[in-house]
Amino acid sequence: VAAAEPLPERRSLLAAALPFTQALLAQVGRTLARAQAALAWPEGTPAVSPPPPPPPPCAPLSDADLRSYLGPGGRLLRPQELRLHVFHGGVEPGLRKVVWRYLLNVFPAGLTGQERLSHLRLKAAEYSSLKVSLAARAAPAELSQVAAAVRKDVVRTDRAHPYFGGPEEGHPHLAALQALLTTFALGHPRLSYCQGMSDVAAPLLAVLDDEAQAYLCFC
């Protein structure tokens, strides 16, 4: 093909296309030159230092660490620093029951240790009343529909975990999870129950081991 002589009409087409092709190649060359100039550091200009690396993971929050964030009377003085510590290092398993209530805003700001205990007792009583009143006010069809939707997920909770292991019938922890989620759905009719909510509530209940406190954290 390279040795073949172009036909006259092809020769005229190639001649007509040549200026356009040359202009296009020239434009591409200028664009590449600008890109190289933009990416190259000018002589004498110091290079910008790279951004600092993220802070390394720290040790999980310990009891001594938690006490360092508390002031007189057990008031939480530096909540943001506490959250950053947990974000970077997590929490020792034995402290999750305490720290998760801070992280999930169960307590109003500025409470002492005694005031937090009183707050939990008050909220537990409110939850018990709410659970009874919502179940009594709900129409039988609505209550049955919500309970059935919740039950489908509750029975699929990780049964290999010791907290939820054992037979389903009469299981107190599965019953608490069922009541917690049903109460939430009846109390929030626009949201009701969505599949997967049990995956959020089950760890809260297993760690806190208290239905009312798990409900507060879930909300």
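This is a predicted model: local features need pLDDT of at least 70, side-chain atom pairs count only at pLDDT 80 or more; totals for chains, interfaces and linings use all residues.
Colleague: Start with the fold. How many helices and strands does the protein have?

Modeller: Helices (H or I, at least four residues) and strands (E, at least two) are DSSP runs, numbered from the N terminus. Here the protein has 9 helices and 0 strands. Along the sequence the pattern reads α-α-α-α-α-α-α-α-α.

Colleague: What share of the residues counts as buried?

Modeller: Buried means under 20% relative accessible area, exposed means over 50%, and partly exposed lies in between (1.4 Å probe, protein chains only). Of the 219 residues, 27% count as buried.

Colleague: Now helix packing. How are two packed helices described?

Modeller: By the angle between their axes and the distance between the axes. Axes are lines fitted to C-alpha atoms, for helices over the stretch in contact, and angles run from 0 to 180 degrees between N-to-C directions. Angles under 35 degrees count as roughly parallel, over 145 as roughly antiparallel, 65 to 115 as roughly perpendicular, and the rest as oblique.

Colleague: At what angle do α6 and α7 cross?

Modeller: The axes of helix α6 (residues 140-154) and α7 cross at roughly 135° and come within 9 Å. The two helices are therefore oblique to each other.

Colleague: And where do α7 and α8 stand, in angle and in axis distance?

Modeller: Helix α7 spans residues 172-187 and helix α8 spans residues 197-208. Their axes cross at roughly 125° and come within 10 Å. That makes α7 oblique to α8.

Colleague: On to charges. How many salt bridges are there?

Modeller: A salt bridge is a side-chain nitrogen of Lys or Arg within 4 Å of a carboxyl oxygen of Asp or Glu. By this rule the count is 6.

Colleague: Where do R67 and D63 lie?

Modeller: Both are in helix α2 (residues 63-68), 4 residues apart, or about one turn of the helix. R67 counts as exposed because its relative accessibility is 57%. D63 is at 36%, so it counts as partly exposed.

Colleague: Which residue pairs with E81?

Modeller: R78 does, with the closest N and O atoms 2.6 Å apart. E81 has a relative accessible area of 41%, so E81 is partly exposed. R78 is partly exposed too, at 31%.

Colleague: What is the partner of K131?

Modeller: K131 forms a salt bridge with E211, the closest N and O atoms being 3.0 Å apart. This pair links distant parts of the chain: K131 is in helix α5 (residues 113-137) and E211 in helix α9 (residues 211-218), 80 residues apart. K131 is partly exposed, at 29% relative accessibility.

Colleague: Which residues form the nonpolar surface patch?

Modeller: Patches take residues with over 30% relative accessible area and no salt bridge; like charges are joined within 9 Å, and nonpolar side chains (Val, Leu, Ile, Met, Phe, Trp, Tyr) within 5 Å. Accessible areas come from the Shrake-Rupley method with a 1.4 Å probe; for residues, only the protein chains shown count as cover. Here L24, V28 and L32 form the patch, with about 270 Å² of accessible area together. L24 is in helix α1 (residues 8-39). L24 counts as partly exposed, at 48% relative accessibility.

Colleague: Last, the loops. What is the phi of N105?

Modeller: About 60°, a positive value although N105 is not a glycine. N105 sits in the loop between α4 and α5. N105 is exposed, with a relative accessible area of 57%.

Colleague: And what is the phi of S192?

Modeller: About 55°, also positive, and S192 is not a glycine. S192 lies in the loop between α7 and α8. At 24% relative accessible area, S192 is partly exposed.

Note on methods. Residues are numbered from 1 along each chain as its sequence is written. Side-chain values use heavy atoms; hydrogens and water are left out.
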